Structures are given as C-alpha cells and as structure tokens.
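Q: Can you walk me through this one? I would like the overall picture, then some details.

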Amino acid sequence: MGMHSDDRQAGGACGEGAKGAEVRPGNSHPEGAHPLTVLSRPPSLTPLLAVGALRSPFKRPAATADFSRTRLVLPGLRVDLARLAAYERVCGFPTGEDALPVTYPHVLGFPLAMSLMSGRDFPLPLLGLVHTSIEITRYRELAATGEYELSVYVDGLAPHRRGTEAAVVTELRVGEEVVWESVSTYLARHRTTETDRERARERHEPLPGVDEWRLAGDIGRRYAAASGDRNPIHLYPLTARLFGFPRAIAHGMWTAARCLAAHGTPQAVLVRAEFRAPVLLPGTVTYASNGERFELCGGDRVHVTGGVHPLT
C-alpha cells in the first residue's frame, strides 16, 4: 500500500469529522450516487494507520457486507515537484519533465483511499490487506505543474478465492474532465469455500527476459521516502518479520512503476498490473517483456504481470 501528501500541509483524518471537510448531500459530477466529502487539505496518514490497525481485529470481512459510498474529494491539488523527482529517480522514470509518470496519481490519491479503508464503516481489516491489482487509464499527458481535483471512493466488494476483495476507484480531473482514473483491488484473506476451478490460475508461456535487476535492501526505504508509504513490511527485516515475512519486501506499486518505466507508455493508455508474489529485498529479479505484455520474475516465480495498451 502507498501513502503520500502533496506540498500543502497535511491535516487530520477525514471521513469521520475531519477538520476542513465539507459534506455535500449531492454530487455535481456524473457519478451522482456517491455523496461527497470535500477536503481542504490531504489527510495525515500516521493517525489513519493507527486507527485502522486498532479497528482491524473487530472487522468481519464478507462480500455481502455494507460499506460507505462516500466519495472523498480534494480540489486544488498541486504536486510537490521535489517529491515527484525523488519518486521518478527511485522508480526509473525520466526526471525534470513537466509530465507525471503514469503511476504517480495513485500515490497522490492513496491518503484518501486510506481514509476510507481505515474508517469504521469499511468492513475489511486494514492490517493484512493486500494490494492485488491495479488498472490505470490515462486519457492524456498530465502536466506536473498542473492543478487537479482528486477523488476516491470504494466501488464495491466481491468474493475472492482467498477471501473478500474491495475495489477502490481514484480519479483525477481537470475541471469536469476525467484525465486519469484507476481501479485498485485490495484483498482481505479469510476462510472460503473455494473450488478446484477457482483455485486454478491462468497459465501462460513465460515472456522473454529483457534485463536483470539487482535490488538493494534499501529500495523499500527509498520508495517510502518518495511516496510516503512507510508500511513496516517494506522497511527493515525486523519490522517485516513481525508480519510474517523473512525480510523486507518491495512495494507492489514500486514493482509496477519500475516495470512501466522500463516498458514505456504512450500518452493515452490503459495499463493493467497484477501483483502475484512479494519481492524480497535485497534480491535479483528479471524484467521480461513482449509487445504489450510485461512481467517481473525471480527464478520460476512470477511477481508481477501486466500489460500496456494504447487507447485509440
């Protein structure tokens, strides 16, 4: 999971009486089914993590559970260019261009997503929640110096062979125009009645290797500094072992961003990435690509699969 606040001062938690938040019963955007909570500043992530962790043992995840339909909106968003440059460097994107990397709006929107997912009315426990996939649509190039409206909402819950999955939608607008949007899925693992058919994974031929990357043990800390995501599983072996990992693991969104930086993306594009297995740090992985498809592997283990599809 990822965290970030932009160049304005981060404020308190939103969604539950956040300071500077205005609740509107309606929605001026076409998606009028979601009541709006308009924020005057980004939420602060540290208290959201703490509250979400404390509430986690009391959550009872189920695909049929009720959840908040609230859309959190942050208008007048401007990007912190120094933090953007740090993000570009750690992910391998070119620096100094007046254009946002295709994955960067996800980083901007994650504090709002965390505000929703740490709330009392979100049925999945924040502790142990796994980011399983992301689908990004960028309709045109986004200026790094532009001003945007950011919004995030939970679109629904669905059964998964390992538990319950939530879909979280993030949108970036210029005026009324959606210029970037994503759907992320987050999995809460629990006992299910999966069938053999549901257990079978899609099989495909491995892609040809393009490059081998040796990943340093501090990748998680460097990405955390650039993105704001300081989840302890990504930082040090000791803190990762507290959550069942033998050593720190790379952020899923770092692996996707690093692959997309290597692959390249057109200005108008649909990107999909599925996070299949954690990448242990330090480690060695192989970036593979063929046409629109890419993947990241370690030996016979596939960590990330995805595709880059130009919009026509």
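Predicted model: local features only at pLDDT ≥ 70, side-chain atom pairs only at ≥ 80, totals over all residues.

Q: What about contacts along the chain, what percentage join residues at least 24 apart?
A: The figure is 74%, taken among contacts between residues at least 6 apart in sequence.

Q: Now helix α2. Where is it, and which of its residues are buried?
A: Helix α2 covers residues 81–91. Its buried residues are Leu-84, Ala-85, Tyr-87, Glu-88, Val-90 and Cys-91.

Q: What do those buried residues of α2 pack against?
A: They pack against α3, α5 and α7.

Q: Take α5 then. At what angle do the α2 and α5 axes cross?
A: At roughly 155°, with the axes coming within 8 Å; α5 is residues 219–227. Angles over 145 degrees count as roughly antiparallel, so α2 and α5 are roughly antiparallel to each other. The crossing of α2 past α5 is left-handed.

Q: Which residues meet there, α2 against α5?
A: From α2, Arg-83, Ala-86, Tyr-87, Arg-89, Val-90 and Cys-91 take part, and they meet Arg-222, Tyr-223, Ala-225 and Ala-226 in α5. By class, that contact has seven nonpolar, no polar and three charged residues.

Q: And α7, how do the axes of α2 and α7 cross?
A: They cross at roughly 75° and come within 9 Å; helix α7 is residues 252–263. The range for roughly perpendicular is 65 to 115 degrees, so that is how α2 and α7 lie to each other.

Q: Which residues make the contact of α2 with α7?
A: Tyr-87, Val-90 and Cys-91 in α2 meet Trp-254, Ala-257, Arg-258 and Ala-261 in α7. The class count here is six nonpolar, no polar and one charged. Tyr-87, Val-90 and Cys-91 are also among the α2 residues that meet α5.

Q: What happens at the start of α2, and what comes just after α2?
A: At the start, a side-chain oxygen of Asp-80 reaches to within 3.1 Å of the backbone nitrogen of Ala-82. Just after the helix, Gly-92 takes a positive phi of about 90°.

Q: Changing topic: Ser-118. Where is it, and is it buried or exposed?
A: Ser-118 is in the loop between α3 (104–117) and β4 (130–138). Its relative accessibility is 2%; buried means under 20%, so Ser-118 counts as buried.

Q: What does the side chain of Ser-118 reach?
A: The backbone oxygen of Met-114, at 2.8 Å. Leaving aside neighbours within four places in sequence, Ser-118 is in contact with Leu-48, Val-51, Gly-52, Arg-55 and Leu-126.

Q: Last one, Leu-142. Where is it found, and is it buried or exposed?
A: Leu-142 is in the loop between β4 and β5 (148–160). Leu-142 counts as buried because its relative accessibility is 1%.

Q: What does Leu-142 touch?
A: Not counting residues up to four places away in sequence, Leu-142 touches Asp-98, Ala-99, Leu-100, Pro-105, Tyr-148, Leu-172, Val-179 and Trp-180.

Q: And how far is Leu-142 from Val-102, C-alpha to C-alpha?
A: The separation is 8.6 Å, for residues 40 apart along the chain.

Note on methods:
Residues numbered from 1 in each chain as written. Heavy atoms only, no water. Axes fitted to C-alpha atoms, helices over the stretch in contact; angles between N-to-C directions. Helix = DSSP H or I, 4+ residues; strand = E, 2+ residues; numbered from the N terminus. Parallel < 35°, antiparallel > 145°, perpendicular 65-115°, else oblique. Left-handed = near helix turned anticlockwise from the far one by under 90°. Contact = heavy atoms within 4.5 Å. Nonpolar A, V, L, I, M, F, W, Y, C, P; charged D, E, K, R; others polar. Buried < 20%, exposed > 50% of the residue type's maximum accessible area, 1.4 Å probe, protein only. Polar contact = N/O pair within 3.5 Å; in protein donor to acceptor, adjacent residues only side chain to side chain.
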